[in-house]
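Hi,

Here is the structure I promised to pass on. Please have a look at it first, and then read my notes below.

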Amino acid sequence: AAPLPAHLQAWAFAAFALAFAIKVPLFPLHTWLPQAHVEAPTAGSVILAGVLLKMGVYGFLRIAFPLFPQAATAAAPWLGGLAVVGILYGALMALAQDDLKKLVAYSSVSHLGYCMLGICTLRLAGATGAAFLMLSHAVTTGALFFLVGMLYERSHSRRLADFSGLATKAPRFAAAFGFIAFASAGVPGLCGFAGELPVVAAAWKARPSWALGAALGVVLGAAYLLRAYQRMAFGKVRCPQDHFPDLRVREILVLAPLMLLALGLGLAPAFLMSPLGACLAGGLFR
């Protein structure tokens, strides 16, 4: 079929991009997400982070960019710039939070910025890394929301200031939280690193300023996650409730598959990267 004229592509792409940008959510259309996560129950937050947010990134990747290539090419520098701003803004806001659920919510804004950045590089490595990060983010952030829910169920508090010394009081909980935090922060050998590296590399080839902003986002991501873990896990034991049971068997059965996925995808990313690259090759992504 003959492609749409350029002016029609621009209007059609703008309509699709606005809808998908809200769904991602892309800065500055992200403001609904933190409050939605905070108000939602644990199951709602897990579904939102693990599935629903990915619909926006998927829309850009498989609908907006392929259907309107001329308009997408013209808009990619602007969308990529907003993605970098979202990466840094989300990370800085997460660093300022005392509510653990809000911290994880703002981390989603930052991590989904990497997905958008990978697409906006218009390179195959960036788009493949973005698709891989969609699954990686679902695994790590879904697990973090499960852990936040387990924490709140035991103590009726999500404030970081209310907790310390959980590595002594609940060592299995602290170990699981630390493992998932490392995976989300992009520690090599875990799934976050395998997705972020090709995105940053593709961003460097597209625009070095994007890569510098994304690399700073990685540093800030490690800062807010490790700071939260250090405050909760170490120091003198402090908890709003005297009775704080460690992870139960059913909770371990919920978290164990996600932890194994985080490790397996980090050690063998080619298992997904190769088919994703073959699926996305051609068109705008070369």
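What follows is a short tour of some helices and a few residues in them.

First, the ground rules: this is a predicted model, in which local features need pLDDT of at least 70 and side-chain atom pairs count only at pLDDT 80 or more, while totals for chains, interfaces and linings use all residues. Residues are numbered from 1 along each chain as its sequence is written, and side-chain values use heavy atoms, with hydrogens and water left out.

Helices here are DSSP runs of H or I with at least four residues, numbered from the N terminus. Helix 7 covers residues 124–155, and its end C-alpha atoms are 46 Å apart, which agrees with the 46 Å that its 32 residues should span at 1.5 Å a residue (the expected span is 1.5 Å times one less than the number of residues). Of those 32 residues, 26 are buried (buried means under 20% relative accessible area, exposed over 50%, partly exposed in between, with a 1.4 Å probe and protein chains only). Just after helix 7, H156 has a positive phi of about 60 degrees.

Two residues of helix 7 deserve a look. S136 sits in this helix and is buried at a relative accessible area of 2%. Its side chain reaches the backbone oxygen of C191 at 3.5 Å. H137 also belongs to helix 7 and is buried, with 4% relative accessibility. The side chains of H137 and S108 make a polar contact of 3.2 Å (a pair of N or O atoms within 3.5 Å; within protein, one must be able to donate a hydrogen and the other to accept it, and residues adjacent in sequence count only if both atoms are side-chain atoms).

S108 turns up again where helix 6 meets helix 2: L33, P34, H37 and V38 in helix 2 are in contact with K101, K102, A105, Y106, S108 and V109 in helix 6 (contact means heavy atoms within 4.5 Å). The axes of helix 2 (residues 32–39) and helix 6 (residues 100–120) come within 9 Å and cross at roughly 145 degrees (axes are lines fitted to C-alpha atoms over the stretch in contact, and angles run from 0 to 180 degrees between N-to-C directions).

Lastly, A214 lies in helix 11 (residues 208–233) and is buried, with a relative accessible area of 0%. Leaving out residues up to four places away in sequence, A214 touches I87, Y114, L117 and V200.

Best wishes
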